Amino acid sequence: MNHYETVFILNPVLSDEQVKETVKKYEDFLISKGAKMVNKENWGLKKLAYPIQHKKSGFYNLFEFQVDGEVIEPLELLFRREERMMRYLTVKLDKHAVAWAEKRVKRNKEKA
């Protein structure tokens, strides 16, 4: 199993309920494919660096998970088909990135 991190941006015109529903949809998809969710973060509504689809902000979410590599392509196909999705990026984490992600999670828990 490989370690992955996906950040995706949802349309800012969505209600909180629609955002939660969309995030749950993708989390359920990953779990159904045998993924182990390591971390899930909702970064909230953030201003974009440049307009996307004439929007200046979006709801950011992060998933950190472990899954076999063949699941990534179907996941990204779902992302491309989703009209609420503005952008997404999935990266495979090496051992250094995994260590950094663990530090980030620990630091965020200390702040809260």
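Predicted model: local features only at pLDDT ≥ 70, side-chain atom pairs only at ≥ 80, totals over all residues.
Let's start with strand S1, residues 2–10. Seven of its nine residues are buried, so S1 is largely enclosed by the rest of the structure. It has strand partners, too: nine bridges tie S1 to S3, and the two run antiparallel. On that side, Thr6 sits opposite Phe63 of S3. Seven bridges link S1 to strand S4 (residues 85–92), again antiparallel, and here Leu10 faces Met85 across the pairing.

Now for the nonpolar packing. The largest nonpolar core has 19 residues, and those touching the most other members are Phe8, Leu10, Leu30, Phe63, Phe65, Val67 and Leu75. Two or more residues come from each of strand S1, helix H1 (16–32), strand S3 (55–67) and helix H2 (72–81). H1 is the biggest contributor, with five residues. A second, separate core has five residues, among them Leu48, Ile52, Tyr60 and Met86.

Phe63 is worth a click. Setting aside residues up to four places away in sequence, its contacts include Tyr4, Thr6 and Phe8, then Val23, Tyr26 and Leu30, and also Met37 and Asn39.

Finally, have a look at Arg104, which lies in helix H3 (residues 95–111). Is Arg104 buried or exposed? Its relative accessible area is 8%, which is under the 20% cut-off, so Arg104 counts as buried. Its side chain makes a polar contact of 3.3 Å with the side chain of Glu41. Beyond its neighbours within four places in sequence, Arg104 also touches Glu5, Asn39, Leu62 and Glu64.

Methods: Residues numbered from 1 in each chain as written. Heavy atoms only, no water. Core = buried A, V, L, I, M, F, W, Y, C linked by side-chain atoms within 4.5 Å. Buried < 20%, exposed > 50% of the residue type's maximum accessible area, 1.4 Å probe, protein only. Helix = DSSP H or I, 4+ residues; strand = E, 2+ residues; numbered from the N terminus. Contact = heavy atoms within 4.5 Å. Polar contact = N/O pair within 3.5 Å; in protein donor to acceptor, adjacent residues only side chain to side chain. Pairing = 2+ DSSP bridges.
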